[in-house]
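Keep the model in view as you read.

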Amino acid sequence: MTDRPQPETASRRRALDHEEPLIFELGAPGRMGVDLPEPENFSDRLGDLSRSREIGLPGLSEPQVVRHFVRLSRNNYSIDAGLYPLGSCTMKHNPRLNEKLARLPGFAELHPLQPAATTQGALALIDAVGHWLKVITGLPGIAMSPAAGAHGELCGLMTIRRALEARGDARSRVLVPDSAHGTNPATAAMCGYAIDAVPGNARGRIDLEALKAKLDDDVAAVMLTNPNTCGLFEDQVLEVAEAIHGAGGFFYCDGANLNAIMGRTRPGDLGVDAMHINLHKTFSTPHGGGGPGAGPVVLSEALVPFAPLPWVVEQGEGFALVEHAVGEAAQSLGRMRAFHGQMGMFVRAYAYMLSLGAEGLRQVSEDAVLAANYLLAELDGDLTPSFPGPCMHEVLFDERFLKDTGVTTLDYAKALIDEGFHPMTIYFPLVVHGALLTEPTESESKESLDQLIAAMRRLVQRARSGDTEFFQMAPRHAPRRRIDETRAARNPVLRWRPPGKDQPAE
Ligand SMILES: *Cc1c(COP(=O)(O)O)cnc(C)c1O
């Protein structure tokens, strides 16, 4: 540290903030571009589908377009700009090597309908990523195509439903802990199951006895997150697996938090039947407004025959695709989506695996857990941890440290924006009041963790000093001030109207 005066906040770039209008407000239709003459002998075969009026696309010059998007990008907080401790989301650094490899023309310019003879390298890569995910998780099967975590959950539960129906045992309920990510009950409901919530215990884990009391021959699956959304390892996971298997159901594990256990414990050894892996979390591919996700699902032996298509299989010297539910794939549930999955994400994940190697992947989980425990140890006493440590890769605080200050969890998180940090996840999980779920990730240096800790402490002191107005006015230095989130959710304005025209009445 130099003895340079420390700014009060980290965001000092207000002179560069621009109030950027919509692109439709910037350009006038018809200003730019080329008008081609009407072709001779033109007959319109679209009939009623042909356009009857101008659609009002803005006309803009190249410099106008460039400035518009560069200015918008500067209003955005990103992992490349600073620490992003959004719990459960694993906002870690995306190595530039991954980006470089994903842009190799041999991968980036492939067409998914090319004949397999011309895409052998890509198929080999898909197969290799799948292979290493199976090795890391200790499970024998994999479905590569799901497009994100939630889609992977859907894939897992559809596979389970298919397996149950194949044995003539369609069941109707899925057990979900009350600390689960919202996608878990949503997925079960999408699959047509009734959701039965299992409470947690005082140690922040699933209540095993409550789970057992709910088990019967109508339960299709239990969905458990491990480590769970309180940042804790489910230490009775073996008993959970035994109980659900004893009742003839399947064990779905939400694997979004694999970065905490990778290289240390294998879900397959814990009795898991199906688990999605968020490549965009654990395997460092960009996410959150920045790109697509990828949610491959590993499967136990019992579920392998029902996995969705396509399958990449070794054939002779090379690879082939099984694309139809016939022969060995006769029991497959069919396709979850067009084509093979998110190829660019597979390349990035493969680059990440190969550049770290087995030792490096093991180090990832060690560093992720160490960083979260450093926050827990340093902030215990300033903030109130919901459960005693050690934690896994994220640490859960709750609002008790704000008691009698007049400051809420939301106010505190908004004030952190003025300090130059993206806030942690707030009000999730629902099992504690005013949750602040903080995931530093393994790619932060000790120096940046120390900056976050100092900022979080400063805000605690300020809250205790009675300066509630400071918090209620936050964020002061962001492109937007406090947004009315309820109104935004209830009355979203999703359609642009030309200036002067009335906004849609909602
Ligand atoms: C991120 C996450 C999901 C959903 O993954 P998406 O890729 O966002 O669909 C599910 N469960 C948990 C615990 C998560 O953190």
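L396 has L437 in β13 as its bridge partner. The model discussed here is a predicted one.

Q: What makes β11 and β13 a pair of strands?
A: Two strands pair if there are at least two bridges between them. Strand β11 (residues 395-398) and strand β13 (residues 436-438) have 3 bridges, in the antiparallel sense. The cut-off is two, so they count as a pair.

Q: What holds strands of a sheet together in general?
A: They pair through backbone hydrogen bonds, either parallel or antiparallel.

Q: How do you know that β8 and β9 pair?
A: Count the bridges. Strand β8 (residues 311-315) and strand β9 (residues 318-322) have 5 of them, in the antiparallel sense. At least two are needed, so β8 and β9 qualify. Within the pair, Q315 stands opposite G318 in β9.

Q: What lies between β8 and β9 in their hairpin?
A: There are 2 residues between the strands. In the turn, G316 has a positive phi of about 60°.

Q: Why is the link between R264 and E366 called a salt bridge?
A: The rule asks for a side-chain nitrogen of Lys or Arg within 4 Å of a carboxyl oxygen of Asp or Glu. R264 and E366 have their closest N and O atoms 3.2 Å apart. That is within 4 Å, so the pair is a salt bridge.

Q: How many salt bridges run between domain 1 and domain 2?
A: The count is 1. The structure holds 25 salt bridges.

Q: What makes E20 and R71 a salt bridge?
A: Their N to O distance is 3.4 Å. The limit is 4 Å, so this pair passes. The pair links distant parts of the chain, 51 residues apart. E20 is in the segment before α1 (23-26), and R71 is in helix α2 (residues 62-74).

Q: Where are the two domains, and how far apart are their centres?
A: Domain 1 spans 97-352 and domain 2 spans 358-490. Their centres are 30 Å apart, taken over C-alpha atoms.

Q: How do you know that the domains touch?
A: Contact means heavy atoms within 4.5 Å. By that rule, 24 residues from domain 1 and 20 residues from domain 2 take part, so the domains are in contact. They bury about 1800 Å² between them, 61% of it on carbon and sulfur atoms. C230, N259 and R264 supply 29% of the area that domain 1 buries against domain 2, more than any other three residues.

Q: Which peptide bonds are cis, and what are their omega values?
A: One runs from G389 to P390, with omega near -5°. P390 lies in the loop between β10 and β11. Another runs from A474 to P475, with omega near 0°. P475 lies in the loop between α14 (468-472) and α15 (485-490).

How values were computed:
Residues are numbered from 1 along each chain as its sequence is written. This is a predicted model: local features need pLDDT of at least 70, side-chain atom pairs count only at pLDDT 80 or more; totals for chains, interfaces and linings use all residues. Side-chain values use heavy atoms; hydrogens and water are left out. Domain bounds come from an automatic or database domain assignment. Buried area is the accessible area (1.4 Å probe) that two parts lose on being put together, summed over both. Helices (H or I, at least four residues) and strands (E, at least two) are DSSP runs, numbered from the N terminus.
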